[in-house]
Amino acid sequence: MVVFPHCKINIGLQVLGKRPDGYHNIQTVFYPLAVYDVLEIIEASPGNYHFSFRSSGLPITAPATKNICVKAYEAFKAKCKQLPEIHMHLHKAIPIGAGLGGGSADAAFVLKLLNEKFYAGLSEDEISNIAETLGSDCVFFTQNLPCFAEGRGEMLSPVSLDLSAFKILLVYPAIHINTAIAFKEIKPNKNPVDIKSAMNLPVTDWKNIISNDFEKTIFPRYPILAEIKNNLYKSGAIYASMSGSGSTLYGIFKKDSHPVFNFPADYFYKWI
């Protein structure tokens, strides 16, 4: 059975402060986008009855034992003792360490696929509870609807947001941002904006209201990111921002706009 985990962008991201458990409280809106990995799971045959994980596409440097998809399988199996051994193949197309949530999406889709394929009967809440242990934004990918996120990013509430009337350009300049380090260097936002309410405003108003707190610390370290954002605006973007802790930038454009960009060969970019 094959499924297609998708990515997300953050519309606004405010870091409100560090929690006693070491995580940070945030506010953001997760918006799903149609950039996909490919995930296949098949049951191991009797003659080859062991778990295996393979990947293709973009290189994954972490060993298989530390891959979040493998961790998702192990967490699911701990909940469902009768789960059979499987062979799992992940074709990676969503850039890694890019602020797009590709790894979290893969893990969430592993959980949902195992539940469906092997008729495990776990409820949506049970799937979400497992997802929460794997990553703060994993829960979002079990729902796949625009959501306002609070807490670590696991407390979700739906928002009425549809960007299908626009074109969105993703630009990933092949810079891997370590999320843990990004959070370590962030300064809490003492004057947060009500991002959830701001979703009711026209997209044309977002530029002066909604921002990503990580840009304040990430842009000085990687000036090319600020340059990309400025170029998106110069080329006609209605709104531009970094997604997550970076380093992907995105621009929202009118449907009838046709900006031309000349990106270096090692950049990942995609119109959606």
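Student: Which residues of α2 are buried?
Tutor: The buried residues of α2 are Gly102, Ser104, Ala105, Asp106, Ala107, Ala108, Phe109, Val110, Leu111, Leu113, Leu114 and Asn115. Buried means under 20% relative accessible area, exposed means over 50%, and partly exposed lies in between, with a 1.4 Å probe and protein chains only. Helices are DSSP runs of H or I with at least four residues, strands are runs of E with at least two, and both are numbered from the N terminus.

Student: What sort of model is it, and how are residues numbered?
Tutor: It is a predicted model: local features need pLDDT of at least 70, side-chain atom pairs count only at pLDDT 80 or more, and totals for chains, interfaces and linings use all residues. Residues are numbered from 1 along each chain as its sequence is written, and side-chain values use heavy atoms, leaving out hydrogens and water.

Student: Back to α2. Why is it called largely enclosed?
Tutor: Because 12 of its 16 residues are buried, α2 is largely enclosed by the rest of the structure.

Student: What do those buried residues pack against?
Tutor: They pack against β1 (2–3), β2 (6–18), β4 (38–43), α1, β6 (86–92) and α3. Contact means heavy atoms within 4.5 Å.

Student: How far does α2 reach?
Tutor: α2 covers residues 102–117 and spans 22 Å from first C-alpha to last, close to the expected 22 Å. The expected span is 1.5 Å times one less than the number of residues.

Student: And at what angle do α1 and α2 pack?
Tutor: About 35°, with the axes 8 Å apart. Axes are lines fitted to C-alpha atoms, for helices over the stretch in contact, and angles run from 0 to 180 degrees between N-to-C directions.

Student: Which residues make that contact?
Tutor: From α1, Ile68, Cys69, Ala72, Tyr73 and Phe76. From α2, Gly103, Ser104, Asp106, Ala107, Val110, Leu111, Leu114 and Asn115. By class, the α1 and α2 contact has 9 nonpolar, 3 polar and 1 charged. Ala, Val, Leu, Ile, Met, Phe, Trp, Tyr, Cys and Pro count as nonpolar, Asp, Glu, Lys and Arg as charged, and the others, Gly among them, as polar.

Student: What about α1 and α3: at what angle do they cross?
Tutor: The axes of α1 (residues 68–79) and α3 (residues 124–134) cross at roughly 135° and come within 10 Å. That makes α1 oblique to α3. Angles under 35 degrees count as roughly parallel, over 145 as roughly antiparallel, 65 to 115 as roughly perpendicular and the rest as oblique.

Student: New topic. Where does Tyr119 lie?
Tutor: Tyr119 is in the loop between α2 and α3. Tyr119 is exposed, with a relative accessible area of 74%. Its phi is near 50°, a positive value in a residue other than glycine. Most residues other than glycine have a negative phi.

Student: Where is the cis peptide bond?
Tutor: It joins Gly246 and Ser247, with omega about 15°. Ser247 is in the loop between β10 (239–242) and β11 (249–254).

Student: Is Gly153 buried or exposed?
Tutor: Gly153 is buried, at 0% relative accessible area. Gly153 sits in the loop between β7 (147–150) and β8 (155–158).

Student: What does Gly153 touch?
Tutor: Not counting residues up to four places away in sequence, Gly153 touches Ile26, Phe30, Ser136 and Asp137. Gly153 and Val29 are 124 residues apart in sequence and 9.3 Å apart in space, C-alpha to C-alpha.
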